[in-house]
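Please read this briefing with the sequence and the coordinates open beside it.

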Amino acid sequence: MNRKEIREIATGLGFLLPNILGFLAFTAVPLVISLVMAFTDWNLEMHNMFKDNTVQFIWFDNFIKLFADPDFIRYLSNTLFMMMGIPFGIAGSLFAAMLLNNDFKGGSKRIWGICLASVVLIISISALMLAGMHATATMMLITAVLGVILLIGCAGGQTVYRTLFYFPHFTAGVSTYILWKKLYSPENGPINNALRKVLDSVSPFLAQMSDTTAHAIANIMLIVAIALIGYSFWRKIKHWLDGDCGSFSLAISLAILSIALILTSCWSRLTVPALAVLAVAFICTLVVLIRGRKYRCVLDYGLSDAVIISGTILVFSLILAGLSNVIWDLPAQATAGLTPPKWHADYNWAKPALMLMGFWGAIGSNNTLLYLAGLSGVSQELYEAADIDGASPWQRFWSITWPQLSNITFFILIMAVIGGLQGGFEMAKAMTNGGPAGATTTLSYYIYIEGFSTGRLGYASAVSWTLFAMVFLVTLFNWKFGNRYTNE
Amino acid sequence: MKKYIFSKTARMLLLNIVLAIVALSMVLPFTWMILASLKTLAEVGEDSWLPRVFQWGNYVEVFNIRGIMFGRWYWNSIFVAAWVTFLQVFTSSLASFSFSRLQWKGRDQVFLMYLGTMMLPGLVMMIPNYQNMIKFGLIDSYPGLILPAAFSAFGTFLMRQFMMNIPASLDEAAEIDGASKWQLYWDIILPLSRPAIVTLTIFTFMGNCNTMFWPLVLMKSKDKFTLPIGILAFDSSQGQQTNLLMAAAAMSVIPMILVFIFMQKHLVKGIMLGGVKG
């Protein structure tokens with residue numbers, strides 16, 4: 001190394017110096033301390049100014065205790081459960097991006113839109129005045145807001161809608177969580193006020209419904225769920241045979257779909273048919289695997305498709321199963337009078353309530369903007385070629401848009417999984433305090449409780465390093481497979 | 001040309017309506033928040049969203065509740081976020097200058113390591129950081145709040161992405177004129193990267209106004225709270241006063257919405273720079 005090189009390095013590091021100091025003080029050193037802490041029994045109840053016990057190294061005892069700790073297992077599964085919303089959210093933001101990506105500069109549509117919006121606006125405002133300040137005025141108000149949005153949207157096009165879609169994500173924080181806590185409020189929140197009215201008006205009709213009809217509907221829903229899962233099995237295998245999907249992606253996809261099937265069947269009464277579908281699917285898969293395939297591709301090709309689609313199907317089938325469970329004994333319940341759920345105050349509803357809120361925020365997030373950029377990058381020639389071949393919009397989506405966006409989807413998915421593993425703290429702190437009965441305690445909230453409330457610092461560090469390991473696994477995954485996508 | 005079932009106008013109208021309905025679902029919670037903040041407490045739980053008489057006084061009252069130092073918290077948030085933003089933009093621009101405009105051995109390896117730290121879960125560092133703060137007596141103090149947030153790998157990454165696109169001929173011209181590296185940074189590159197600075201400023205400022213974890217564990221005395229934990233404290237002590245709580249929430253959310261509307265262009269650019277890997 002000559003003198004010049006040394007001087008260059010010195011200059012380069014000189015500019016980096018403040019950042020390096022900060023990095024050492026607040027990242028590197030704490031990281032090492034935290035690793036050391038994870039191997040000790042540091043507990044503020046035992047080691048404080050009154051009891052002068054020395055902190056001892058207990059090596060892997062924390063980690064051993066961790067995996068036997070029913071709380072940890074439960075909070076880990078809570079975190080994973082909340083992460084089931086991720087594919088749904090990504091699908092939502094893709095949908096939003098595709099809506100936004102349309103050509104808004106159609107000639108006469110603006111005039112049409114403005115006319116319609118003004119009519120809606122005038123009618124609703126006058127009705128608002130006529131009705132006075134009554135409950136019906138709320139409906140009018142909502143219509144008026146819709147009218148205003150339509151009006152501005154027709155005038156401003158994509159930018160306006162993009163801005164409005166982005167609000168929830170941009171303002172996400174304590175204030176919005178508190179707002180949602182009030183919206184969800186079981187006794188007199190607006191959501192339950194509205195639901196109660198709907199339920200009251202519907203329940204007489206539902207009470208008249210015979211048990212057989214209810215059971216039939218419930219069964220049809222389950223069959224739809226199982227059919228969806230079966231179709232996805234088939235679709236993925238077909239992709240694999242056509243060389244659109246690698247073996248690794250196929251395995252992941254089949255694993256998620258099997259989980260979906262097992263969960264659905266556990267949660268409903270149709271255990272035998274579901275297991276039959278699973279068995280048939282596996283036999284088919286085995287047969288196909290043994291016979292081999294014509295076209296080959298790299299192992300992880302089509303990975304984001306595998307995870308997103310299977311994940312969406314998973315959530316969707318669970319929703320269907322849950323609905324079918326509800327409908328099964330709906331007539332009996334309707335006779336007794338239907339009550340809206342207690343949302344974040346109910347053990348079973350707390351997680352879905354938070355996921356619903358997360359979905360609200362996820363539709364218009366950074367992901368939508370990334371997808372928008374991606375969509376504008378898809379070559380128009382591909383679409384023109386598809387038009388000449390007479391492709392339907394559905395086919396256009398599945399054979400052009402979706403594969404073309406796969407690298408963006410992969411990036412979004414990785415970021416969402418990393419975020420999801422660490423997430424849930426703010427919602428839990430602001431809305432539920434991790435309750436009811438620990439239903440919304442995620443790993444990050446658990447670390448907060450252990451590290452800052454109960455003071456079991458060693459144990460909390462062990463939990464956080466376990467979390468770190470999981471995040472690191474996902475990151476490794478990203479390094480292994482992600483680079484190929486970004487370099488394409 | 002493709003044939004559509006509907007005419008173009010009808011399609012556009014349909015599209016607009018679908019978009020407007022989705023947008024409505026985004027806006028409705030905020031609408032309820034503002035309307036609830038204008039009600040009396042007794043009216044909040046009613047079916048009707050509209051207040052009988054608009055209680056503008058609620059917004060004044062928030063500042064006068066006993067034990068709720070709303071104005072103080074607001075100021076604290078702005079104060080802390082301003083410091084964090086200033087320090088972060090400064091250190092990030094220095095570091096990104098080194099990563100993008102200077103040639104030195106091992107530069108790219110160091111940068112990769114830097115990127116790696118973005119993946120580290122912040123939670124792992126929180127407990128030791130807190131213990132360190134106790135040791136250095138920085139608990140319940142503004143420096144303790146500001147310093148850990150003043151260095152960011154994300155900011156460095158964002159600025160670097162931008163600085164890479166400034167033509168290299170400028171550096172050569174400056175060198176021929178005999179400018180030192182510091183002059184190159186201060187007089188040429190920094191003024192040219194103003195768009196990136198604006199973007200990073202908004203991101204950091206808004207992000208820091210919203211942080212909750214670190215202030216929550218660090219700040220003990222009520223008059224030093226920032227807005228998010230202040231609102232948490234408000235909710236846990238006087239959460240039944242929904243109308244006032246909503247007024248406080250509205251006052252913390254609406255400025256963000258306004259900033260977003262006016263600064264949208266910069267924000268979108270920032271998300272693209274930071275999100276699309278380069």
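What follows takes the salt bridges and then a helix contact.

This is a predicted model, in which local features need pLDDT of at least 70 and side-chain atom pairs count only at pLDDT 80 or more, while totals for chains, interfaces and linings use all residues. Residues are numbered from 1 along each chain as its sequence is written, chains are lettered from A and ligands numbered from 1 in the order in which they are written, and side-chain values use heavy atoms, with hydrogens and water left out.

**Salt bridges**

- Over all chains, a search of the whole structure finds twelve salt bridges, a salt bridge being a side-chain nitrogen of Lys or Arg within 4 Å of a carboxyl oxygen of Asp or Glu.
- A:E8 pairs with A:K4 in a salt bridge whose closest N and O atoms are 3.4 Å apart, and both residues lie in helix α1 (residues 3–38) of chain A, four residues apart, about one turn of the helix. Helices here are DSSP runs (H or I, at least four residues), numbered from the N terminus, and strands are such runs of E with at least two residues.
- A:E5 forms a salt bridge with B:K105, with 4.0 Å between the closest N and O atoms; this pair crosses between chains, from helix α1 of chain A to the loop between α3 (70–100) and α4 (107–119) of chain B.
- In chain B, the side chains of B:R107 and B:D108 meet in a salt bridge at 3.4 Å, N to O.
- A network of salt bridges links A:R235, A:K236 and A:D305.

**Exposure of the paired residues**

- Buried means under 20% relative accessible area, exposed over 50%, and partly exposed in between (1.4 Å probe, protein chains only).
- A:E8 is partly exposed because its relative accessible area is 29%, whereas A:K4, at 56%, is exposed.

**Packing of two helices in chain B**

- The axes of helix α9 (residues 181–192) and helix α10 (residues 194–210) of chain B come within 5 Å and cross at roughly 65°, so α9(B) is roughly perpendicular to α10(B).
- Axes are lines fitted to C-alpha atoms, for helices over the stretch in contact, with angles running from 0 to 180 degrees between N-to-C directions; 65 to 115 degrees counts as roughly perpendicular, under 35 as roughly parallel, over 145 as roughly antiparallel and the rest as oblique.
- B:L190, B:P191 and B:L192 in α9(B) meet B:R194, B:P195 and B:I197 in α10(B), contact meaning heavy atoms within 4.5 Å.
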